[in-house]
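Please work through the exercises below with the sequence and the structure side by side, and try each task before you read its solution.

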Amino acid sequence: MVSYLILTHFKKTAEFVTDDAEDATVNKIALWLCTFTLSVAVCAVLLLPISILSNEVLLTFPHSYYMQWLNGSLIHGLWNLVFLFSNLSLVFLMPFAYFFTESEGFAGSKKGVMARVYEAVVLLLLLALLVLGIVWVASALLHDNIARKSLYGDFSVTQLKTISTKPCRASASPWVGLTQQAVLCFSNIVKSFVALKSPFVAFLFFDFLLVLAEMRRKASPWQRNLAYPLAMLVLLGLTVMCVLMVCFNVLELLLDETALPRGMEDPHLGMASFSMFGSLGAAVQVVLILYLMVSSVVGFYSSPPFTGLLPRAQDTNLTEIIANCVSLLILSSALPVFSRTLGITRFDLLGDFGRYNWLENFYIVFLYNMLFAGLTSASLIKTVTWAVQRELIRAFGLHRLPLTVSRSTVPFRLLLASGLSKIQ
């Protein structure tokens with residue numbers, strides 16, 4: 001319901017109130033698919049917070065009759081469902097919604113909603129076959145020995161059929177292996193898609209403080225002097241805390257192999273806290289995870305390639321809504337892997353989220369943590385440095401310099417000299 005209200009707030013009303021009843025019906029169906037996708041994205045964001053808080057609740061009330069429904073099986077099932085629906089939405093529902101809104105039915109067919117459905121399904125199947133073939137061939141050429149053998153066997157069977165005219169029953173087996181391996185490769189790619197999305201999140205979160213600083217510049221005096229400075233302090237504190245936790249995770253990676261992220265089948269909720277600081281530490285983990293998600297979304301819409309994708313109230317067409325839902329789903333479904341890889345939480349990944357070979361690769365995880373800590377620290381230092389420099393320029397009256405003089409070229413010695421002269 002919340003997702004539907006959000007989408008109806010941003011959708012362009014003219015696309016749903018039209019004289020063409022067929023277009024209105026198609027747009028409504030596509031909006032329902034977007035609502036489902038956005039709901040799955042919200043569930044993906046809440047996976048880790050709900051899991052961490054559930055563990056703390058069971059630790060606080062270990063023998064409560066009213067908490068018997070909250071167990072590891074329930075949490076494990078939620079993780080599996082979110083993984084399934086997130087990939088279902090990305091691979092099938094959102095492409096179908098786009099093809100459905102753009103289709104008009106095959107030439108010569110009877111017009112109507114079903115004609116559009118048929119065309120959208122055919123386009124989706126062609127796209128799936130194309131992606132399946134590309135994935136299988138890439139897997140066969142790069143690293144998969146079984147697929148490579150199947151590929152070479154397929155070529156040999158083709159040559160044999162060209163030379164010989166006799167039927168050969170054995171020639172069917174490579175085709176069976178081909179099909180099975182192609183499906184397996186495609187399934188592995190789908191399962192790994194969430195893992196591949198997680199590095200993308202790290203590079204979107206650095207513009208958050210700059211966006212808030214820009215909002216402060218345009219705000220009213222009381223907001224500029226009270227609300228935004230407090231918000232900046234809170235966000236700076238959260239960012240510094242993230243960097244410290246990542247640095248601590250790097251030290252743990254160097255000293256203990258068990259610090260590597262891994263998957264688990266049974267979460268064993270209510271046995272021990274996932275934070276050394278108990279419930280308070282668990283609450284901090286939840287806040288940091290949500291902060292990472294919010295800052296990633298703000299950074300995404302602040303990045304130059306995606307600024308035009310920012311939704312506008314009552315003025316966002318259906319294609320843009322589909323693109324926004326896909327983007328939010330990518331960011332949210334990457335969040336559990338992203339948070340666990342950085343050591344923000346010690347709650348290990350459940351279900352298919354934890355079935356990635358690279359999670360056990362020390363070098364990948366270590367370099368990923370170092371890269372995140374380095375870029376975040378550099379962004380933080382740069383943001384603070386710019387803020388201090390801007391305030392010094394304003395305090396010393398250098399902002400009134402003529403436009404031909406570049407303020408960025410004013411040396412720091414001039415700032416000190418101007419300040420000393422004012423003090424004297």
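The model is a predicted one.

**Exercise 1. The chain as a whole**

Task: Find how many helices and strands the chain has, and in which order the elements run.

Solution: Counting the runs gives twelve helices and two strands. Reading from the N terminus on, the order of the elements is α-α-α-α-α-α-α-α-β-α-α-β-α-α. Two further values describe the chain: 42% of its 424 residues count as buried, and among contacts between residues at least 6 apart in sequence, 75% join residues at least 24 apart.

**Exercise 2. Two annotated stretches**

Task: Take residues 74–100 and residues 362–381 from the UniProt record, and state how much of each stretch is helix or strand.

Solution: Begin with the record, an unreviewed UniProt entry, which places the feature "transmembrane region" at several stretches, including 74–100 and 362–381. Next, look at residues 74–100 in the model, where the chain is 100% helix and 0% strand, with 35 Å between the end C-alpha atoms. Finally, residues 362–381 are likewise 100% helix and 0% strand, and here the end C-alpha atoms lie 28 Å apart.

**Exercise 3. Helix α2 and helix α10**

Task: Decide whether α2 and α10 are roughly parallel or roughly antiparallel, and describe the residues of their contact.

Solution: Locate α2 at residues 21–60 and α10 at residues 318–341, and note that their axes come within 8 Å and cross at roughly 20°. Angles under 35 degrees count as roughly parallel, and α2 and α10 are therefore roughly parallel to each other. The handedness of this crossing is left-handed. On the side of α2 the contact includes N27, A30, C34 and T37, while on the side of α10 the residues include L318, I321, I322 and C325. Sorted by class, the residues of the contact of α2 with α10 are 17 nonpolar, five polar and no charged.

**Exercise 4. Helix α2 and helix α9**

Task: Work out how α2 is oriented relative to α9, and find which residues meet.

Solution: Helix α9 spans residues 278–302, and α2 packs with α9 at an angle of about 175°, the axes being 10 Å apart. Since angles over 145 degrees count as roughly antiparallel, this angle makes α2 roughly antiparallel to α9. In the contact, V45, L48, P49, I52, L53 and E56 of α2 meet G278, S279, A282, Q285, V286, I289, L290 and M293 of α9. The classes in the contact of α2 with α9 are ten nonpolar, three polar and one charged.

The residue I50 also belongs to helix α2. I50 and V286 are 236 residues apart in sequence, yet 8.6 Å apart in space from C-alpha to C-alpha.

**Exercise 5. Helix α3 and helix α10**

Task: Determine the orientation and the handedness of the crossing of α3 and α10.

Solution: The axes of α3 and α10 come within 10 Å and cross at roughly 165°, and the two helices are therefore roughly antiparallel to each other. The crossing in which α3 passes α10 is left-handed. Among the residues that make the contact are W79, S86 and S89 of α3 and L318, T319 and I322 of α10. By class, the contact of α3 with α10 has twelve nonpolar, five polar and one charged residues.

Conventions. Residues numbered from 1 in each chain as written. Predicted model: local features only at pLDDT ≥ 70, side-chain atom pairs only at ≥ 80, totals over all residues. Heavy atoms only, no water. Axes fitted to C-alpha atoms, helices over the stretch in contact; angles between N-to-C directions. Helix = DSSP H or I, 4+ residues; strand = E, 2+ residues; numbered from the N terminus. Parallel < 35°, antiparallel > 145°, perpendicular 65-115°, else oblique. Left-handed = near helix turned anticlockwise from the far one by under 90°. Contact = heavy atoms within 4.5 Å. Nonpolar A, V, L, I, M, F, W, Y, C, P; charged D, E, K, R; others polar. UniProt positions renumbered as here; feature names shortened; annotations may be inferred. Buried < 20%, exposed > 50% of the residue type's maximum accessible area, 1.4 Å probe, protein only.
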